[in-house]
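Welcome! Let us take a walk through this structure together, one region at a time.

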Amino acid sequence: MYQIIVSDRPLQIPEARLHTRGYYLNPAGAAILLLVVFALLLMDAPATVSAQTVPLIGNHPAFDTSALSRPADAMRPLNIHISFAPRNPAGLAKLLTDLQDPASPRYHRWLTPAAFDATFGRTPTEVSAVQQWLSGQGFRVVESSPRGVTSIATVAQAESAFATRLLASHDSSSFANATDPQVPGRFAAVVGSIEGLDNMRHSLALAIRPPGSSAATIAALPDRAVATRRTSRPSRGTPRATLIPAAVTDYSNGLGLAFGPADLWTFYDETPLLDAGANGGAGDCVAMIEDTDYYSPSVTLFDSNFALPVATITRVFADGTNPGRNGDEIEALLDIEWAHAVAPGAAISVYIGNPATAPIDPLVSALSKAVTDNKCGAISVSYGFCGASSAFFTGTLDPIFAQAATQGQSVFISSGDQGAADIVLNTAGTACVVGKTRNVSEMAADPNVIGVGGTEFTPSYDGSNNDIGSTAESVWNDSTGASGGGASAAFGKPSWQVPGTPSDARRDVPDVSLGASPISPGFYWGDDTGGAGAAALNCCIGGTSIAAPMWAGLAKVVAQTTGTRLGNMNPRIYTMGALHDESLSGLRDVTSGNNNYNGVSGFAAVAGYDQATGWGSADMAAFAAGYPVATPTPTPTATPTTTPTPTPTPTRTPTPSPTASSTPTPTATPTPTPTPTPTPTPTATPTPTPSPSPTPTPTPSPSPTPIPNAGPATFTPKSILFGPHKVGTATVARRVVIVNPLRNKSTLVIRNLTFSEGNFVIDSASTTCTYGATLAPGARCRIGVRFTPSAGGLLASTLIVTDSSGNSPHLIMLHGKGI
């Protein structure tokens with residue numbers, strides 16, 4: 001029997017009974033009643049409810065209404081997770097700025113997870129109030145924290161509590177809320193987003209490999225000299241919904257001529273860092289975010305084949321359960337191996353979410369665990385989402401990324417492999433497909449992460465097929481995919497991105513890039529053949545999913561050289577990029593190519609920042625040398641420290657001045673014989689007058705006159721890294737060459753050679769660029785530099801060469817390690 005009760009309360013369908021007032025309906029009329037009830041569910045919430053609640057804007061996915069056309073099953077169970085908005089958002093925004101401002105006393109003073117919760121998490125009273133409200137709505141609360149609450153409810157209970165309606169597909173496999181959920185007004189600033197009202201969101205691992213590639217189950221890579229190069233690329237086909245790229249010419253012997261770790265070190269100039277001991281080994285770890293387990297022998301094979309040290313890897317299961325190995329295993333292997341290749345001394349923690357048990361999403365669970373654990377200073381995510389609501393990015397993910405930034409964790413996220421089209425939900429609501437209009441990875445566009453794009457290039461190999469140095473890079477855009485990029489629809493432009501980027505008021509991506517094409521050059525990886533537990537070395541792979549873990553590895557190396565975590569590196573990266581000088585920033589500008597894809601017009605690479613490669617790729621040694629900031633804060637702090645007297649001085653500022661005056665008087669008193677009377681004489685002495693006279697004399701000496709006419713000089717190398725060397729002894733001299741190009745019509749005059757710090761000296765025997773030396777157009781001179789470490793550990797300085805050229809001064813970054 002069904003009871004209908006008329007009430008002024010919102011319509012509810014708890015448990016198996018349909019409540020309204022005093023009328024009885026026999027089972028034969030049940031179908032009619034259900035139609036009436038569902039019709040009521042599709043109506044807007046009553047005005048009384050609307051007046052007491054507020055909507056969570058953007059908290060429902062966009063979907064094809066033809067795909068979801070029927071009411072969802074009222075008794076369907078849902079896992080509902082409420083993500084809390086951070087408390088004191090203005091204070092959090094200010095802290096995030098201060099943490100990256102060298103002039104702030106809070107610069108790089110990272111929080112712990114407990115401190116973050118205490119400062120920005122919701123209070124116990126707020127958490128309890130939300131729990132009580134949910135329980136009153138019939139929800140069963142299973143977990144809570146200052147960051148959110150997880151509960152279980154039926155569709156009917158969720159529709160009633162959140163004043164929305166859920167629609168489903170004909171087979172009930174897909175469902176979604178058609179309107180934004182509403183919460184009581186008192187929770188307007190507490191609730192950031194609600195997950196679990198739909199299952200339309202899908203994720204995609206971004207590893208790209210041509211299907212023609214095949215694996216060889218071998219213990220070592222055969223001589224690369226026997227492998228043939230690919231001589232042509234296939235024409236672009238229409239991208240398929242499954243995102244599998246079109247077939248390319250098969251590789252000789254199943255292996256192509258591609259990049260191994262040593263090739264990458266040479267091409268991106270990491271070898272000097274590794275030689276100096278900067279391999280990411282000091283401090284904490286690099287975290288990989290995954291939704292699958294992986295076959296460990298595949299990583300071991302990769303390491304042994306390329307003579308890498310054995311990787312120290314820890315598996316961390318986000319909720320304590322192992323999902324096993326699934327179709328995303330290639331992504332996990334790729335991430336681990338290439339983060340390890342760039343930071344071979346760094347430990348790696350693989351955070352693995354379980355698709356079967358995750359309350360929101362396995363990747364979100366893994367990411368949240370990596371942030372709350374706070375064990376790794378760099379985090380890499382090589383996945384993309386489609387079908388998610390905007391609130392998923394702004395209300396669910398952003399608070400996690402903001403917490404990571406306050407803890408000094410640098411998060412790198414692939415910008416996507418489908419160019420300016422990115423991925424979107426298909427019309428059936430069941431999978432990600434390539435977009436037909438401009439889209440970006442909104443996860444990579446979060447202001448608290450570094451979005452990583454991709455480049456392609458034709459390597460230059462020697463007779464043994466080893467890379468011999470960098471070549472020009474262009475935007476990755478070939479038959480397999482293209483670098484994701486564009487303007488965010490979810491996030492506005494952060495202040496550090498305003499100068500030098502498009503005037504679109506939107507957060508633009510990517511921020512930086514690295515090699516990503518599986519064709520040019522293509523990258524090897526240790527594979528698990530068919531997921532069957534058979535380790536194999538395979539070729540070739542790519543995607544922005546390889547660029548993100550490589551940047552995470554580089555961040556770990558840079559953190560080692562600076563001695564501290566780096567946090568959100570973007571404010572510093574954009575400051576460095578604005579220098580428009582690779583020798584100072586280590587950022588290699590990419591100025592050719594575009595990320596047009598699938599008929600979608602994208603963005604062309606230009607000088608400076610662009611929405612295809614960001615600020616470009618990296619000369620890793622120069623980037624590591626240029627990243628540290630000579631902060632004004634430490635300098636003044638160090639000055640009072642060295643002079644203990646000034647410490648009391650601030651309290652009695654006026655007193656010290658007279659005291660200091662009287663102090664010199666006693667100092668002169670010990671010499672009463674020379675009579676204090678002459679003291680006024682020197683005061684009025686004409687010595688200062690002669691001083692100005694000589695001053696103009698030296699001024700013409702350096703002959704500043706040529707400056708306006710002198711063209712730019714060239715200098716190489718832009719950085720020198722000395723290997724480990726015994727403290728107190730000098731190395732052999734390394735040379736810097738200054739050239740006055742033939743195109744210049746003026747003589748170049750060398751003025752000064754200085755170092756910003758100690759431990760490095762000029763070697764006079766090998767130096768011809770001495771003070772006053774002149775270089776006619778086409779001439780060159782050299783500077784010899786020796787490293788004499790005064791202490792153990794990594795030591796850095798800058799050689800500053802001043803001359804009459806238009807691009808003076810020249811800065812040469814110097815690194816060495818004392819042992």
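This is a predicted model: local features need pLDDT of at least 70, side-chain atom pairs count only at pLDDT 80 or more; totals for chains, interfaces and linings use all residues.

How many residues of β19 are buried? Five of the five residues in this strand, which spans 410–414, are buried. In a regular strand, side chains alternate between the two faces of the sheet. In β19, S410, F412 and S414 lie on one side, V411 and I413 lie on the other, and all of them are buried, so that both faces are covered.

Next, look at a pair of helices. Helix α11 (residues 362–373) packs against helix α12 (residues 390–406) at an angle of about 25°, and their axes are 8 Å apart. Because angles under 35 degrees count as roughly parallel, α11 is described as roughly parallel to α12. The crossing of the two helices is left-handed. On the α11 side, V364, L367, S368, V371 and T372 take part in the contact, and they meet F392, T396, L397, I400, F401, Q403 and A404 of α12. Sorted by class, this contact has eight nonpolar residues, four polar ones and no charged ones.

Now move along the chain to a loop. G593 sits between β31 (587–588) and β32 (617–618). Is G593 buried, exposed or something in between? Its relative accessibility is 35%, so G593 counts as partly exposed. Leaving aside residues up to four places away in sequence, G593 touches V475, F603, A604 and A605. As for A604, it is 11 residues from G593 in sequence, and the C-alpha atoms of the two are 5.9 Å apart in space.

Our last stop is a sheet of four strands. This open sheet has the order β33-β35-β39-β37, with antiparallel pairing. β33 (714–716) and β37 (760–762) stand at the edges with a single partner strand each, so one side of each has no neighbour in the sheet. On average, neighbouring strands here are turned by 25° against each other, direction ignored. Within the sheet, β35 (residues 734–739) and β39 (residues 780–787) pair antiparallel over six bridges, and R734 stands opposite V785 in β39.

Technical notes: Residues are numbered from 1 along each chain as its sequence is written. Side-chain values use heavy atoms; hydrogens and water are left out. Buried means under 20% relative accessible area, exposed over 50%, partly exposed in between (1.4 Å probe, protein chains only). Two strands pair if DSSP finds at least two bridges between them. Axes are lines fitted to C-alpha atoms, for helices over the stretch in contact, and angles run from 0 to 180 degrees between N-to-C directions. Contact means heavy atoms within 4.5 Å. Angles under 35 degrees count as roughly parallel, over 145 as roughly antiparallel, 65 to 115 as roughly perpendicular and the rest as oblique. A crossing is left-handed if the near helix is turned anticlockwise from the far one by less than a right angle, and right-handed if clockwise. Ala, Val, Leu, Ile, Met, Phe, Trp, Tyr, Cys and Pro count as nonpolar, Asp, Glu, Lys and Arg as charged, and the others, Gly among them, as polar.
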